[in-house]
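Please read this note with the sequence and the model open side by side. Each numbered point takes up one part of the fold.

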Amino acid sequence: MNLDLESINRCVRCGTCRSVCPVFEEVGWESANTRGRILAMKGLYDGLVAGPDVLDSLNTCTTCGICTASCPAGVKPPDMVEGVRRELVSSGIMSREQALLKERLFSSGNVFGDPGDRLAWLKRRGQEGDWLKGDKAKAIYFVGCLNSYRYQDTASRTFDLLRRFGATILADEQCCGSPLVRTGFDAGRLREANVRQIREIGADTIITGCAGCYSTLKRDYPPDLRVMSVPEFLADRLPELDLKPLEMTVTYHDPCHLGRQSGIYDQPRRVIESICRLKEMRASRESARCCGGGGGVRVGYRDLSLRMAKRRLADVPEGVDFIVTSCPLCIRNLRDAGAGRKVIDIVDLVAASIGDSASAD
Ligand code: SF4
Ligand code: SF4
């Protein structure tokens, strides 16, 4: 098995990561923390057979990256976990949930296996128009599976904002590939379908409101395409947005793939503070606790994923009207863990500030 032995050996087994791994906080076993996962990798290198326990150890990592931030030896466990998942999958070793996820994605082009129209959200607020004629544009709004199918008002509000600045959408957007790449599969087919359409439109910038899409578009798509998150884009255009203040206090949840993995901390805060008061969560920025949804964990280990989300909700300070974030997967997991509609997308806050409703789908 072709594993990254150099990284495995760089780990000095100090256990610093045990104190930060959100999975270990819930499960409490060595195999469920970063160091244990690296020991499982070493075992695989030495010939250990990847049975269900080893798969559970490797597949319960949310790739949140908080261990990377605290590791004194410079180890990057999320990259290692994704690498070993790829190796196992290429040898045909995967869980039932991984196999089903792949089947769903390749048969439908979306993470839900939903056969419905991915662009149905355009009709919700009368946004049908000439967008899909294939006209040239410099920027495209990459909607992502969750906003396309589950948070359609957010998709619609985002597009309302972005089309003011000339952005268009893809007529046949496919999943960015994130759920496949994070769980060890090759997402080339989906990526190529998206890139072909982006090239036809002539766009050089992709704007997305999903942290998972952002990270995948940035890491796995052609490097000449500029990738921006919606909060970055909005923060750059604050003077043109004509935001009105709202009498409320919100907190901000940093999505792992936007914060720790991409360094986008200030821009969403600038947007929020242009509208209302911001009260930070008990753990924020580099120390933000994972919502528990990423890395395929929500798909494969729903109960564990929701327990992590509940723990994240305990970080919410007193006296806030909304928990704002910029990742629909975080929204979904935090809502399901009990926060309900108190969790909203940053675009929903911006839309409320310019006169739209603050409630989200
Ligand atoms: S903190 Fe780094 S070196 Fe220490 S056990 Fe964890 S991964 Fe290994
Ligand atoms: S990336 Fe997050 S979940 Fe995975 S081992 Fe590191 S701290 Fe644990």
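The points below treat the ligand surroundings, the helix pairs and the sheets in turn.

1. Basis of the note. The model is predicted, so local features need pLDDT of at least 70 and side-chain atom pairs count only at pLDDT 80 or more, while totals for chains, interfaces and linings use all residues. Residues are numbered from 1 along each chain as its sequence is written, and chains are lettered from A and ligands numbered from 1 in the order in which they are written. Helices (H or I, at least four residues) and strands (E, at least two) are DSSP runs, numbered from the N terminus.

2. Ligand 1. The shell here holds 15 residues, of which Cys11, Cys14, Thr16, Cys17 and Cys71 come nearest. A residue counts as near a molecule or strand if its C-beta atom, placed from the backbone, lies within 6 Å of it. Helix α3 gives the largest share of this shell, with 3 residues. By class there are 10 nonpolar, 3 polar and 2 charged residues around ligand 1. In this classification Ala, Val, Leu, Ile, Met, Phe, Trp, Tyr, Cys and Pro are nonpolar, Asp, Glu, Lys and Arg are charged, and the others, Gly among them, are polar.

3. Ligand 2. Around ligand 2 there are 15 residues, and Cys21, Thr34, Cys61, Cys64 and Cys67 come nearest. At least two residues of the shell are supplied by each of α2 (22-27), α3, α5 (66-70) and α6 (77-90). The shell divides into 10 nonpolar, 4 polar and 1 charged residues.

4. Helices α3 and α4. Two packed helices are described by the angle between their axes and the distance between the axes. For α3 (residues 34-45) and α4 (residues 52-59), the axes come within 9 Å and cross at roughly 135°. Axes are lines fitted to C-alpha atoms, for helices over the stretch in contact, and angles run from 0 to 180 degrees between N-to-C directions. The helices α3 and α4 are therefore oblique to each other; angles under 35 degrees count as roughly parallel, over 145 as roughly antiparallel, 65 to 115 as roughly perpendicular and the rest as oblique. The crossing of α3 and α4 is left-handed, a term used if the near helix is turned anticlockwise from the far one by less than a right angle, and right-handed applies if clockwise. Gly36, Arg37, Ala40 and Leu44 of α3 meet Val54, Ser57 and Leu58 of α4; two residues are in contact if their C-beta atoms, placed from the backbone, lie within 7 Å. This contact comprises 4 nonpolar, 2 polar and 1 charged residues.

5. Helices α3 and α6. The axes of α3 and α6 come within 11 Å and cross at roughly 40°, and this crossing is left-handed. On the α3 side, Thr34, Arg37, Ile38, Met41 and Leu44 meet Pro77, Met80, Val81 and Val84 of α6. The contact of α3 with α6 has 7 nonpolar, 1 polar and 1 charged residues.

6. The sheet of three strands. Which order do the strands of the open sheet of 3 strands take? The order is β1-β2-β3, with parallel pairing. The edge strands β1 and β3 each pair on one side only. Two strands pair if DSSP finds at least two bridges between them. Strand β1 (residues 139-142) is joined to β2 (residues 205-208) by 4 bridges, with Ile140 opposite Ile206. Strands β2 and β3 (residues 226-229) also have 4 bridges, in the parallel sense, and Ile207 stands opposite Met228.

7. The sheet of four strands. A further open sheet has 4 strands in the order β5-β4-β6-β7, with parallel pairing. Strands β5 (277-278) and β7 (343-345) stand at the edges with a single partner strand each, so one side of each is left without a neighbour in the sheet. Helix α16 (residues 266-273) packs on this sheet, touching β4, β5 and β6 (322-325), and its direction makes about 175° with that of β4. Helix α20 (residues 346-353) lies across β4, β6 and β7 and runs at about 75° to β7.

8. Helices α18 and α19. Helix α18 (residues 302-313) packs against α19 (residues 328-339) at an angle of about 80°, with the axes 8 Å apart. The helices α18 and α19 are therefore roughly perpendicular to each other. Their contact divides into 6 nonpolar, 3 polar and 3 charged residues.
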